[in-house]
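User: I would like to go through the labels given to this structure and the values behind them.

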Amino acid sequence: MNSQFTKIVRILLGLILIVFGMNKLLPEAFIPLPEMPEKAGDFMTSLGATGYVLKTVGIIEIGIGVLLLFKKWVAFALIVLVPISLNIVLFHIFLDVSRIGGALLVAILNGILIYKHWTQYKSLFL
């Protein structure tokens with residue numbers, strides 16, 4: 001579980017989550033959103049208009065990223081990330097398939113780490 005590969009994947013995923021989480025929280029995004037298809041743009045505008053959804057997701061992403069970087073509660077952090085990464089992938093499948101690469105990267109890294117920590121999840125399925 002502590003292989004170099006696992007460590008690199010954990011740190012990479014943690015950094016991705018912190019960067020994109022911070023991008024959701026700051027008043028002026030430091031990574032500008034690319035032009036999206038109309039339905040995707042409308043959806044993101046609606047989430048932003050709530051005033052809390054994107055901020056909450058950003059806080060959760062940063063929290064998960066910090067846990068991964070400091071190697072604390074990794075198995076818990078990965079499970080919390082599953083619905084977020086699943087929704088990111090589904091958003092891109094249904095609303096913006098042309099930019100699905102980053103979403104797949106997050107989901108695949110999450111899947112790899114869940115596989116590497118599978119012994120910690122076995123009791124959930126018995």
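Analyst: The structure holds 4 aromatic pairs. This is a predicted model, in which local features need pLDDT of at least 70, side-chain atom pairs count only at pLDDT 80 or more, and totals for chains, interfaces and linings use all residues. Residues are numbered from 1 along each chain as its sequence is written, and side-chain values use heavy atoms, with hydrogens and water left out.

User: Why is the pair of Trp73 and Phe76 called edge-to-face?

Analyst: Rings of Phe, Tyr and Trp (its six-membered ring) pair if their centres lie within 6.5 Å; planes under 30 degrees apart are stacked, over 60 edge-to-face, and the rest tilted. The centres of Trp73 and Phe76 are 6.2 Å apart and the planes stand at 90°, so the pair is edge-to-face. Ring pairs also link Trp118, Tyr121 and Phe125 into a cluster.

User: What makes Trp73 count as buried or exposed?

Analyst: Buried means under 20% relative accessible area, exposed over 50%, and partly exposed in between (1.4 Å probe, protein chains only). Trp73 has 66% relative accessibility, so Trp73 counts as exposed.

User: How do you know that Glu61 and Lys24 form a salt bridge?

Analyst: The term requires a side-chain nitrogen of Lys or Arg within 4 Å of a carboxyl oxygen of Asp or Glu. In Glu61 and Lys24 the closest N and O atoms are 3.0 Å apart, so the pair meets that cut-off. The bridge links distant parts of the chain, with Glu61 in helix H3 and Lys24 in helix H1, 37 residues apart. Helices (H or I, at least four residues) and strands (E, at least two) are DSSP runs, numbered from the N terminus.

User: How many salt bridges does a search of the whole structure find?

Analyst: The search finds 2 salt bridges. Besides the pair of Glu61 and Lys24, the side chains of Asp96 and Arg99 meet at 3.3 Å, N to O. Asp96 is buried because its relative accessibility is 2%, whereas Arg99 is partly exposed at 34%.
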